[in-house]
Structures are given as C-alpha cells and as structure tokens.
Amino acid sequence: VLLACQIPEKIEEVYALAQQIKKDFYGNRIVLFAPLYLSNYCVNGCVYCPYHLKNKHIARKKLTQEEIVKEVTALQDMGHKRLALEAGEDPLHNPIEYILESIDTIYSIKHKNGAIRRVNVNIAATTVENYRRLKDASIGTYILFQETYHKENYEALHPTGPKSKYAYHTEAMDRAMEAGIDDVGLGVLFGLNTYKYDFIGLLMHAEHLEATFGVGPHTISVPRICPADDISTNDFPNAVSDDIFCRIVAIIRIAVPYTGMIISTRESVATRSKVLHLGISQISGGSRTSVGGYATPEPKEENSAQFDISDTRTLDEVVNWLLDMGHIPSFCTACYRAGRTGDRFMSLVKSGQIANCCAPNALMTLKEYLEDYASADTRAKGEVLIQKELKHIPNPKIKEIAARNLKEIIEGKRDFRF
C-alpha cells in the first residue's frame with residue numbers, strides 16, 4: 001500500500017517517519033567499508049553478471065596471498081577498517097580453503113596504524129560445515145543476495161551452474177545461522193524482477209529469520225541493476241526509478257527498524273545523498289569492483305569489474321561529504337569484536353543503549369581517521385563535529401572516558417572501544 005501510494009503528502013509522511021526511525025535507532029552515524037574482490041572466476045551462468053561462464057572477453061583474475069597483502073595495505077593507507085570480501089563461485093579456483101586463507105592473511109596485516117578489524121564475506125551459498133569454518137575464521141557478517149525471490153524468474157536468470165538451484169540458494173541463511181553465524185546480510189538486485197514482489201520477499205525472509213532463529217538480518221542491501229562489461233540495463237524492463245528506490249529504502253527502514261541498511265557505489269552521489277536520511281546506515285567509499293585495483297589501478301584492457309561505479313570519489317572525499325551533511329563517518333567494528341552480534345546487538349538497538357556504545361566508538365574511530373589519513377580540510381571539519389557530538393553522549397561516565405580516549409588518540413594510541 002505504501003509503495004503504491006501516489007499522494008504527495010502521504011509520501012512525505014512516510015519519508016519523515018523513516019527519517020525519525022533512522023535517527024532514533026542509528027542516530028547520524030554512517031559506517032564506511034570497502035569491497036575487496038578476490039577472484040572473478042565463476043562457473044555460474046547468471047545473465048545479469050559479467051562474471052558468467054560464457055563471457056570470454058572479460059579479464060579473469062585471482063589474487064595471490066602476496067597480492068592480497070598489497071591490496072589490503074593500500075586499503076589501510078586509505079583509512080579503511082572494514083572490508084567486504086567478494087569472489088565468484090568456482091570450486092577449482094575459489095575453494096573455501098582459498099577464502100579462509102585470504103581472511104587469515106587480511107587480519108594479519110598491520111601497516112603503520114592500519115588494521116582491518118572486520119571482514120564481512122559475500123560468497124556463494126555453501127554447506128553448514130563451510131559456514132562453521134567461516135565462523136571459526138572470525139568473519140563479521142555473511143552476506144548473500146537473493147537476487148530475486150520470484151522462482152520462475154530466478155531460474156531463468158540463473159540457467160546454469162550451482163546457483164541455478166533456487167531452494168539451495170534461498171535457504172543459505174538458514175544454514176549459515178544453524179552453523180552459528182548470527183550476523184547475516186540479505187539483499188535483492190532490484191530491477192531483475194518486479195520491485196513489489198521482491199520487496200515483499202525480502203521482508204518475508206527477514207521475518208522468517210527472526211521467527212526461526214530469534215534474530216533477523218544484521219543488514220539489508222538495496223542494489224539496483226546497473227551496466228557492466230557485457231550487461232546492458234536495457235535488457236531488464238523492471239529497472240527501478242529513483243523515486244521508487246527512495247520509497248523502497250524508506251519503507252524497509254519502517255518495516256525492519258533495527259536492521260542496518262547498505263548502499264554501494266553503484267548509486268550516484270545524488271541518489272546516495274537522497275537515501276542516507278531515509279534509512280541507510282552503511283556505505284562503501286573509494287571502492288573498486290575489479291579484482292584488486294587498490295594497490296595499482298587496473299588498465300582498461302584488463303577490465304575485471306563486476307559492475308560500473310557511479311560514485312568514484314576517494315574515501316577522504318566521501319568522509320568530507322558526510323561531515324558536510326552532519327553525519328558521523330564511522331569506522332567502528334567494536335560490537336563484532338566484543339561479541340555483541342545477533343540478538344545481543346539487536347537488544348542494544350531496541351533498548352536505545354546503542355547510543356552509549358556506537359556513538360563514542362564512531363567518534364573515536366573518526367578521530368583515528370583524522371589523525372592518520374585525512375586531508376587538512378576533512379580534518380578541520382571532523383574536529384568540529386567530534387566536539388559537537390561528544391556533548392550528545394547520554395551517559396556521563398562514558399562521555400568522560402570517550403573524551404579521555406580522544407586525547408590519547410592524539411598521543412598515538414589506537415583501537416579504543418566500548
């Protein structure tokens with residue numbers, strides 16, 4: 001009903017409610033991350049993805065562990081603390097052992113004041129045993145997009161390969177949570193099917209996880225179909241307009257108020273500006289969707305990107321932009337490392353106690369970024385925001401400790417967290 005509404009005044013009421021819910025539960029914090037593509041070898045036949053097996057002209061690449069060290073060092077030098085690992089599905093080139101070794105390599109890299117403190121993983125649906133191995137490797141969130149919930153369309157869009165099995169893919173989150181991964185991330189690729197169907201499917205999936213496991217998704221991503229190597233959006237008549245996209249974001253925030261929401265650099269600066277206030281709590285910045293590409297820019301003739309990026313700004317430019325809009329750019333990973341995951345994280349959000357954890361953690365990680373990586377202009381803006389936001393921490397004791405930690409960060413100490 002809300003998606004179909006054509007009354008301007010009611011749409012504005014929906015936006016206002018979404019903004020208020022976002023403010024109440026997540027404040028003005030925006031968590032930053034970057035994707036790291038390990039390999040684009042893939043045996044699937046997904047018709048909307050340039051990594052499909054029949055694409056013989058895209059450059060196929062797979063990072064070695066030595067190359068991963070270089071890429072992660074470059075990401076740390078940008079200021080990133082949180083990564084989302086991406087890899088195509090290929091049992092020969094990208095077995096679970098390769099993913100696990102890569103995670104271990106990433107966590108081991110400590111360059112200057114840099115460190116990747118949370119590795120989220122977006123790989124193909126797998127077995128309970130493999131999910132247990134990912135859990136043991138200390139991953140953050142396991143992310144898997146359903147793409148579309150419409151079974152007939154799903155099977156047409158995935159004609160070959162392991163991903164063609166609709167039920168196995170759709171039930172992946174159940175297996176992941178059975179294996180002990182209690183932070184999972186849902187998403188559909190809007191534009192593959194009618195948006196209303198997939199919107200409802202997404203909410204039903206979230207409801208199912210909460211009913212079955214006592215906790216819903218940690219995050220929901222809202223990507224839209226976009227151009228890529230041999231993919232044209234003209235081939236997908238269900239593409240979603242900016243207006244509908246804004247409504248989707250707002251209504252998801254209203255329907256699933258406690259869940260983090262993610263938007264990537266698929267979207268333009270203008271679109272990202274619109275939806276940040278409507279419910280988004282995490283964004284990527286300074287991203288590459290090629291295999292690697294952070295340590296050394298990829299030549300055009302070796303293009304390995306999964307999709308074209310619309311927001312091409314550097315991480316510092318994104319941080320500066322967030323500060324201009326009054327958001328707190330956050331590099332926090334504290335809840336995951338303190339064991340506040342799954343229902344423990346959700347209880348903090350629902351009770352409002354998240355303000356006494358996430359707000360000071362956001363300010364302290366922002367301070368680290370300002371000291372170690374920021375441009376002069378970004379640093380000046382960030383210092384002003386930190387002093388302003390410090391006053392809004394509700395617990396006096398936590399406010400006092402945060403202020404002391406901020407001073408110690410100036411003196412060279414790092415990695416404070418509540």
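**Close-up views of a predicted model**

**View 1. Helix 11, residues 315-324, is mostly covered.** In this predicted model, eight of the 10 residues of helix 11 are buried. The buried residues are Leu 315, Asp 316, Val 318, Val 319, Asn 320, Trp 321, Leu 322 and Leu 323. Just after helix 11 comes Gly 326, whose phi is positive, at about 85°.

**View 2. A patch of negative charge lies on the surface.** Four residues gather here: Glu 66, Glu 67, Glu 101 and Asp 104. Helix 2 (65-78) and helix 3 (96-108) are the elements that give two or more residues to this negative patch. Glu 67 belongs to helix 2. The relative accessible area of Glu 67 is 34%, so this residue is classed as partly exposed.

View 3. A disulfide is a covalent bond between the sulfur atoms of two cysteines. For Cys 42, the closest cysteine sulfur is in Cys 46, at 5.9 Å, which is too far for a bond. A disulfide would require the two sulfur atoms to be within 2.5 Å. Cys 46 is likewise in no disulfide, and the cysteine sulfur nearest to Cys 46 is that of Cys 42.

Terms used
Residues numbered from 1 in each chain as written. Predicted model: local features only at pLDDT ≥ 70, side-chain atom pairs only at ≥ 80, totals over all residues. Heavy atoms only, no water. Buried < 20%, exposed > 50% of the residue type's maximum accessible area, 1.4 Å probe, protein only. Helix = DSSP H or I, 4+ residues; strand = E, 2+ residues; numbered from the N terminus. Patch = residues over 30% accessible without salt bridge, like charges linked within 9 Å, V, L, I, M, F, W, Y side chains within 5 Å. Areas by Shrake-Rupley, 256 points an atom, 1.4 Å probe, with all protein chains shown as cover. Salt bridge = Lys/Arg side-chain N within 4 Å of Asp/Glu carboxyl O. Lys, Arg positive; Asp, Glu negative; His and termini not counted. Charge placed at Lys NZ, Arg CZ, Asp CG, Glu CD.
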